[in-house]
Structure formats: structure tokens, C-alpha cells
Amino acid sequence: MRLWLVSREYDTRQTVTLTYASVDGRRSYTRQASIELLQRKSITAAIDRDEDDAERVDDDERRERYAAEAERMAADHDPDDEI
């Protein structure tokens with residue numbers, strides 16, 4: 001399934017948390033990486049993952065937020081665009 005970048009959060013440990021979600025906001029996938037690693041590897045607008053790898057989003061507010069951002073990303077970017 002295709003998932004679009006909906007959130008990028010930095011923390012004090014030099015780690016970035018990337019959250020990708022489906023355009024309906026019902027599934028999400030989160031990964032963490034060091035800032036150093038992300039400087040060597042590009043972050044793309046979308047990734048493809050098996051549905052089993054993505055978590056269900058049960059919170060209505062978060063699901064709506066993810067859906068809105070995923071739809072915006074899908075409309076504005078190609079999946080392989082570097083973000």
C-alpha cells in the first residue's frame with residue numbers, strides 16, 4: 001500500500017520520527033532515523049509498505065489529520081519526490 005509523509009518530528013537525541021499514512025488516514029507507518037542517516041538517504045513523499053506493516057489509526061482526530069495531509073502530499077508531489 002502507498003503511504004504519504006504526514007509528519008516529521010525532531011527530538012533532542014538527534015533523531016527524526018517520520019510518519020507516513022494512507023490517503024484515507026486509516027493506516028500509518030512510523031520510522032525513526034538519525035539526522036546523520038537522513039542526510040545520506042533521501043526522504044521521499046511516499047513509500048510503499050505491506051498493509052500488515054502499517055498500524056490502524058483508531059483516533060478520529062488523528063485519522064482526519066493524517067488523511068488531509070496525505071491527500072495534500074499526493075496532490076502536490078510524485079511518490080519519489082525528495083522532501
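**View 1. The N-terminal end of helix α2 is capped by D59.** In this predicted model, a side-chain oxygen of D59 lies 3.3 Å from the backbone nitrogen of E61. Helix α2 covers residues 60-76, and at 1.5 Å a residue its 17 residues should span 24 Å, which agrees with the 24 Å between its end C-alpha atoms.

**View 2. Helix α2 has buried residues and, on the other side, exposed ones.** The buried residues of α2 are R63, Y66, A67, A70 and M73. Seen down the axis of α2, these buried residues fall within an arc of 135°, so they line one face of the helix. An α-helix has 3.6 residues a turn, so residues three or four places apart point the same way. On the other side of α2, E61, E64 and A75 are exposed, while what covers the buried residues includes strands β1 (2-10), β2 (15-21) and β3 (27-34).

**View 3. Strand β2 pairs with β1 and with β3.** The pairing of β1 with β2 is antiparallel over 6 bridges, and L5 has Y20 of β2 as its bridge partner. Strands β2 and β3 also run antiparallel, joined by 7 bridges, with A33 of β3 as the bridge partner of V16. Because 7 of the 7 residues of β2 are buried, this strand is largely enclosed by the rest of the structure.

**View 4. T19 is placed in strand β2.** With a relative accessibility of 6%, T19 counts as buried. T15, T17, T19 and A21 point one way from β2, whereas V16, L18 and Y20 point the other way. Leaving aside neighbours within four places in sequence, the residues in contact with T19 include W4, S28 and Y66.

Terms used: Residues numbered from 1 in each chain as written. Predicted model: local features only at pLDDT ≥ 70, side-chain atom pairs only at ≥ 80, totals over all residues. Heavy atoms only, no water. Helix = DSSP H or I, 4+ residues; strand = E, 2+ residues; numbered from the N terminus. Expected span 1.5 Å × (residues − 1). Buried < 20%, exposed > 50% of the residue type's maximum accessible area, 1.4 Å probe, protein only. Arc of directions from axis to C-beta. Contact = heavy atoms within 4.5 Å. Polar contact = N/O pair within 3.5 Å; in protein donor to acceptor, adjacent residues only side chain to side chain. Pairing = 2+ DSSP bridges.
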